[in-house]
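I am opening my notebook on this structure. Here is what I looked up, entry by entry.

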Amino acid sequence: MKLLISPINPEEAIAAYEGGADIVDVKNPKEGSLGANFPWIISSVKESINAGKPISATIGDFNFKPGTASLAALGAAVAGADYIKVGLYDVQTEEQALEMLTNITKSVKNYDPTKKVVASGYSDYERINSINPQLLPAIGAKAGVDVVMVDTGIKDGRSTFEFMDEEELTKFTSAIRAVGLQSALAGTLKFEDLPVLKRIQPDIIGVRGMVCGGDRTSCIKAELVDKLKNEM
Ligand SMILES: O=C[C@H](O)COP(=O)(O)O
């Protein structure tokens, strides 16, 4: 399993990097679960770790706006992100998800085919009226994305494990593997979730709150990233 850590600025990115993060994921929690940060923050995070690890950037919790999302995705790629992550938040149907992901992927890969697109659904999809993430492996494969993920849409302390149990998450990651893509799990993961995460074996786990000491509005601590990396 690779470890994706979500800093909000270069200082936190250095802590994530020094603690041993495999992917440094720039986001802006003030604008939502997968809130987008500014292009200059993405670039400065990349510089701060001297491009020592891949950079990921979230482009937002999107509604059905394929054009806006494609332009945002290109912006993140130009700013230096190696992984471009989109949240299918106010997207309800398979047709909408496919149109979003196909155009985002085209926009990113036309610019640089080595960049990776991450399609994120939400484990708490029922409370935000979003698409069921179990539909995303097939849609993601059709659209040409690289990674399919789940996170929580509402950051109120409830974990992905409260909305999807081990069996559902195993089904999700197996379906992703079966179509040749990588899987990522996130959403208020905790140290005590590590045994079940090791059984599920996603390719990537994504965290913030866990390495801030439990409060995601606090800051990332290198020693907690290091502890997590060791326990993984
Ligand atoms: O991509 C990962 C998210 O930032 C997870 O954040 P969280 O662990 O605070 O839910």
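Entry 1: I noted the cut-offs: buried takes 20 or more other C-beta atoms within 10 Å of a residue's own, exposed 12 or fewer, and partly exposed is in between, with C-beta atoms placed from the backbone. The model is predicted: local features need pLDDT of at least 70, side-chain atom pairs count only at pLDDT 80 or more, and totals for chains, interfaces and linings use all residues. Residues are numbered from 1 along each chain as its sequence is written.

I found Lys27 in the loop between strand 2 and helix 2 (39-48). Helices (H or I, at least four residues) and strands (E, at least two) are DSSP runs, numbered from the N terminus. Leaving out residues up to four places away in sequence, Lys27 touches Ser6, Ile8, Leu34, Gly35, Asn37 and Thr58. Contact takes C-beta atoms, placed from the backbone, within 7 Å.

**Entry 2: the UniProt record.** I looked up "active site" and found Lys27 and Lys85 listed in an unreviewed UniProt entry. They are spread over 59 residues of sequence, yet they cluster in space, with a largest C-alpha distance of 9.7 Å. UniProt positions use the numbering here, feature names are shortened, and annotations may be inferred rather than shown by experiment.

**Entry 3: Lys85.** I located Lys85 in strand 4 (residues 83-90). Lys85 is buried, because 29 other C-beta atoms lie within 10 Å. Beyond four places in sequence, its contacts include Leu34, Ser56, Thr58 and Ser120.

**Entry 4: strand 2.** I checked which way the side chains point in strand 2 (residues 23-26). Ile23 and Asp25 point one way, Val24 and Val26 the other, and all are buried. Strand 1 (residues 2-5) runs parallel to strand 2, joined by two bridges. DSSP must find at least two bridges for strands to pair. Three bridges join strand 2 to strand 3 (residues 55-63), also in parallel. Asp25 stands opposite Ser56 in strand 3.

**Entry 5: helix 4.** I checked the length of helix 4 (residues 94-111). I then listed buried residues of helix 4, among them Ala97, Leu101 and Val108. The face turned away from the buried side of helix 4 carries the exposed Glu95 and Asn110.

Notes
Contact = placed C-beta atoms within 7 Å. Expected span 1.5 Å × (residues − 1).
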